[in-house]
Amino acid sequence: MTGGVTTRRAFAAGVCALAALGSALPGPAAETVQERWEGLPLLDVVVRPGESRRATLAVSESFVGAVLDTPVLVVRGMHPGPTLCLTAGIHGDELNGVEIVRRTLQRLNAQELRGTVIGVPIVNLHGFRRSSRYLPDRRDLNRYFPGRSRGSSASRIAYSFFESVIRSCDNLVDLHTGSFHRTNLPHLRANLEIPETLELARGFGSTIVVHSFGTQGTLRRAATDAGIPAITYEAGEPMRFVQSDVERGLEGIRDLMGAIGMLKPRRRAREPQVFNRSHWVRSDDGGILISQVELGERVEIGALLGTVTDPLSNEKSELRAPHLGTVIGMALNQVVMPGFAAFHLGIRVGEDPPLPQPDEDWAIEAVEDTAMENDERPEE
Ligand SMILES: [Zn+2]
């Protein structure tokens, strides 16, 4: 387990770098620009400069043996530049990102674009067709990256996707929502310890950024470990399209493309708000959860977040904020079990109360334990 001190140091480094970056963001990194700008071979197509094409990744891991082809949309700009990858629907029930990728690719004009955008609106088509977070075998695809060629079904799908698509990316934005009847305030997750990742997060504009390394097995973590700067955009809840969350994501990606030299930069948005860590507040009791706060609300230590009432015994317990923070994610009103992660608090630099105990949840993202139930970390 990585202790809190390490996380703090990492974050401090990120903040310093954030300050040091100033307003001058570099253009496309020289090493990512090909000497001769020609056709990009990807999967079953070659995309020439100025072209928009649809490639196909065949994923044949269905129970019934049917091949489900994953469409991969590619826009190759007329001019050399980096390759930005946008992925959504790794969790098949998370819809906002699907729409963000679709609209981004549809709006792109290859004549004005520098570099290449690779968009995968629905990575987990199996889950999407069944409105499920999971693959058909109930595995969470976002715990298996970068995958193994001879591993489990999930691991093979992850491997195939990672090797044939993600390895072509210079930068990655993976799009998600809250999970299981939870909703997220639009925010980014990024490892701010890495300067290139920090640059990506900053390019997204006036968004909340939560510093985290990313759980092992997530696409973001695997890409980061492979040297590809990657951020996650989290917004809204599963099974719903939320227009404002989609719009915010579109704006952020547009700004990001300006910041990394792929499109004409726009007027700089406000600086992102950075949270150096986050904490899940769990219910110790089972019952009916009724929230007393809203997404984005700032809460003081001890503030009432919600109540849980046992429908049979009528006993009521309260969930209170253990930190000064901002509600960045929360459960919708529902019946909960003891241990249910109900409120996600983002905690800003300098707002930390005394050092938390090492076994507290906030360090959980640094823990390598893929045996944990998925619901233990109801995110990404
Ligand atoms: Zn997700």
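Guide: Two strands pair if DSSP finds at least two bridges between them. Helices (H or I, at least four residues) and strands (E, at least two) are DSSP runs, numbered from the N terminus. Residue numbers start from 1 along each chain as its sequence is written. The model is predicted: local features need pLDDT of at least 70, side-chain atom pairs count only at pLDDT 80 or more, and totals for chains, interfaces and linings use all residues.

Visitor: What is the mean pLDDT of the protein?
Guide: pLDDT is the predictor's confidence in each residue, from 0 to 100. Of the residues, 81% reach 70 or more. The mean is 85.

Visitor: Over which residues does pLDDT stay under 50, with 38 contacts beyond four places in sequence?
Guide: Contact here means C-beta atoms, placed from the backbone, within 7 Å. Residues 354-375 are also below 50, and have 33 contacts beyond near neighbours in sequence. The stretch with 38 contacts is residues 1-27.

Visitor: How many strands does the protein have?
Guide: The helices number 7. The strands number 18.

Visitor: Which strands stand at the edges of the open sheet?
Guide: The sheet has 4 strands in the order β15-β14-β12-β17, with antiparallel pairing. Each edge strand has a single partner, so one side of each is left without a neighbour in the sheet. The edge strands are β15 (316-320) and β17 (334-336).

Visitor: By how much are neighbouring strands of this sheet turned against each other on average?
Guide: Axes are lines fitted to C-alpha atoms, for helices over the stretch in contact, and angles run from 0 to 180 degrees between N-to-C directions. For this sheet, direction is ignored. The average turn is 35°.

Visitor: Which residue in β17 does leucine 289 stand opposite?
Guide: Strand β12 (residues 287-291) and β17 run antiparallel, joined by 3 bridges. Opposite leucine 289 stands glutamine 334.

Visitor: Is leucine 319 buried or exposed?
Guide: Leucine 319 sits in strand β15. A residue is buried if 20 or more other C-beta atoms lie within 10 Å of its own, exposed if 12 or fewer, and partly exposed in between, with C-beta atoms placed from the backbone. Its touching residues, beyond four places in sequence, include Val281, Leu305 and Phe343. Leucine 319 has 25 other C-beta atoms within 10 Å, so it is buried.

Visitor: How many residues of strand β18 are buried?
Guide: β18 spans residues 341-348 and is mostly covered. Strand β11 (residues 273-282) runs antiparallel to β18, with 7 bridges. Strand β16 (residues 325-331) is also antiparallel to β18, with 4 bridges. Of the 8 residues in β18, the buried ones number 7.

Visitor: Which residue is the bridge partner of phenylalanine 275 in β18?
Guide: From the β16 side, valine 327 stands opposite leucine 345 of β18. The partner of phenylalanine 275 is arginine 348.

Visitor: Which residue just after α7 takes a positive phi?
Guide: Buried residues of α7 include Val246, Ile253 and Leu256. Among the elements covering the buried residues are β5 (79-88), α2 (96-107) and β10 (230-236). The phi just after α7 is about 85°, and belongs to glycine 261.

Conventions. Two residues are in contact if their C-beta atoms, placed from the backbone, lie within 7 Å.
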